[in-house]
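Work through the exercises below with the sequence and the model open. Each task is followed by its solution in steps.

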Amino acid sequence: MKKCQVVRKSGRRSCTSSSTAITNVRYGECQKNHAANIGGYAVDGCREFMASDVEGTTGALTCAACGCHRNFHRREVETEVVSEYT
């Protein structure tokens, strides 16, 4: 058996033996400070990134809810290890 780590969004894999680790990437709430230019702190309240277009286009990096780039949303990585025994 081989162990393969699959990383979504980047397409990288690394393989060894015996189990599989699957990494899922999700983008949470928007952290863009809209009041930075006046010295304050205010976020817009967007709770989760939703792509405004299909993957592979420039619209896939823009949030449909708040209009911010995906980089302003908190990145959450979940790794699941699946053992393969036969």
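**Exercise 1: cysteines**

The structure is a predicted model. The sulfur of Cys66 lies 3.7 Å from the closest cysteine sulfur, in Cys68, which is too far for a bond.

Task: Determine how many disulfides a search of the whole structure finds.

Solution.
1. A disulfide is a covalent bond between the sulfur atoms of two cysteines. The cut-off to apply is a sulfur pair within 2.5 Å.
2. The Cys66 to Cys68 distance of 3.7 Å is too far for a bond.
3. Searching the whole structure gives zero disulfides. Cys63 is in none, and its nearest cysteine sulfur, that of Cys66, is 3.8 Å away.

Task: Classify Cys63 and Cys66 as buried, partly exposed or exposed.

Solution.
1. Buried requires under 20% relative accessible area, and exposed requires over 50%.
2. Cys63 has 3%, so Cys63 is buried.
3. Cys66 has 24% relative accessibility and therefore counts as partly exposed.

**Exercise 2: aromatic rings**

Task: Find how many aromatic pairs the model contains, and describe the geometry.

Solution.
1. The count is one aromatic pair.
2. The ring centres of Tyr27 and Phe49 are 6.1 Å apart, and their planes are at 65 degrees, so the pair is edge-to-face.
3. Tyr27 belongs to strand 3 (residues 19-30), while Phe49 is in the loop between strand 3 and strand 4 (73-83), so the pair ties together parts 22 residues apart in sequence.
4. Tyr27 and Phe49 are both buried.

Task: Identify the ring whose face Lys32 lies over.

Solution. The ring is that of Phe72, with Lys32 at 5.1 Å from the ring centre.

Key
Residues numbered from 1 in each chain as written. Predicted model: local features only at pLDDT ≥ 70, side-chain atom pairs only at ≥ 80, totals over all residues. Heavy atoms only, no water. Buried < 20%, exposed > 50% of the residue type's maximum accessible area, 1.4 Å probe, protein only. Phe/Tyr/Trp six-rings, centres within 6.5 Å; stacked < 30°, edge-to-face > 60°. Helix = DSSP H or I, 4+ residues; strand = E, 2+ residues; numbered from the N terminus. Lys NZ or Arg CZ within 6 Å of the ring centre and 35° of its normal.
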